[in-house]
Amino acid sequence: MSVAGTILLLPGRDKSLRRRHPWIFSGAIAEEPRSAGLGDTVDVVSFDGEFLARAAWSPHSSIRARVWSFDESEPIDSAFFRRRVERALERRDAAGRRLNRDPSHEASQDLPEDLRQRSDNAMRVVHGESDGLPGLIVDFYAGVAVCQFLAAGAERWRREITEAVGERTHATSIYERSDADVRDKEGLEPRSGLLAGREPDELVEIGEAGRRYLVDVREGHKTGFYLDQRPARDAAGAWCRGREVLNAFSYTGGFSVAALAGGAAGVLDVDTSAPALALALRNVAANDADATESGRYQQVEGDVFSVLRRMRDSRRSFGAIILDPPKFADSRAHLDKAARGYKDINLLAFKLLAPGGVLMTFSCSGLLAPDLFQKIVADAAVDARREAAIVARLSQGPDHPVALAFPEGAYLKGLVCVAA
């Protein structure tokens, strides 16, 4: 490994790095490296020349550099990425989210077919900055590793990272989904396709706490499935038991499968995507064929805000409502608009919620602080003339860790509210 240059910080702009926050913003830099290219490794030094960190250079982003290591003696090379991926897996082992990495295991071939399909075999393997690999996401689905290279440094080391992921996870397929809009801010083009191994199946079947899901790793949202919502899906069964459930922004029916498994009286999915709803129908049928045949499970395709307004106008009501919308704010400039969106959708939900009903409401917008999200939901309840209490808080699972020095890693917020 060779260091391509040095970033000199302005006086007094080294405090966050000394606290091990991994981002260096353009406004903190006194001198940029002269010869460093996109994603190259650079050293970061204080104004008086003290070494602070080794980072990846990103000249097109407001985050000019993302830290690989705070250890001056640690080279950034292929061995570095193998160590970091292994450390990420060990961290999940310690949290009870063990990934079976025996290549001869083949999804527990000694188990009966039904148990094989329902065994847990999906998790996030690398969660970006919180795992010391900024700009890198790796999700694992039943032998298929799906990678997102979202920053210049991760892109620069794409081949070495792919090798490390394959070596450490024993994935039979490594697929790339670097088609997120955030790459544009890094000066990177979108890209997706096979990185290593065999082509993944059109749909990959995973097991989660006894539930079965089909995942579209090629065309689905993000890497194909929202693994971060596992704790909330696990909780949904109990909160929805015996209730008629409205699952808004339902995507491929993750919450619907969980609610029906927990004893929901019925579930109505609402989403704007016909392909997502088609896959949701398959997911529900794979877990509870009677729900689809008897009509306990139904769907509405359309804009969620418009559909819920029509339901409000026709005086529909539900015993439980799940709101898991997409990210409404991808920059601080959009935060006010996002707050209005969250207010509107929660206001509609409170108007549709039966007395004693349960609202499970979420925000995955990292820029929206938890206290602001709670205030928005509270304001929605006031405007709907409903009283409600928070009975549980939900967040991302242990395979989505949050580094103590990187609070931005805690992006998912969930409130379970019971209305009077």
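Trainee: Is Arg177 buried or exposed in this structure?

Mentor: In this predicted model, Arg177 has a relative accessible area of 4%, and because anything under 20% counts as buried, Arg177 is buried.

Trainee: Which side chain does Arg177 meet in a salt bridge?

Mentor: Side chains of opposite charge can pair when their charged atoms come close. Here Arg177 meets Asp179, with 3.0 Å from N to O, and Asp179, at 33% relative accessibility, counts as partly exposed. Elsewhere, salt bridges that share partners join Asp120, Glu208, Arg211, Arg230, Arg233 and Asp234 into one network.

Trainee: How many salt bridges are there in the whole structure, and which residues pair with Glu74?

Mentor: A search of the whole structure gives 34 salt bridges. Glu74 pairs with Arg83, where the closest N and O atoms are 3.1 Å apart, and also with Arg84, where the corresponding separation is 3.6 Å. Arg84 sits in helix α2 (residues 78-94) while Glu74 sits in the loop between β6 (63-69) and α2, so this pair ties together parts that are 10 residues apart in sequence. Glu74 is buried at 15% relative accessibility, Arg84 is buried at 10%, and Arg83, at 41%, is partly exposed.

Conventions: Residues numbered from 1 in each chain as written. Predicted model: local features only at pLDDT ≥ 70, side-chain atom pairs only at ≥ 80, totals over all residues. Heavy atoms only, no water. Salt bridge = Lys/Arg side-chain N within 4 Å of Asp/Glu carboxyl O. Buried < 20%, exposed > 50% of the residue type's maximum accessible area, 1.4 Å probe, protein only. Helix = DSSP H or I, 4+ residues; strand = E, 2+ residues; numbered from the N terminus.
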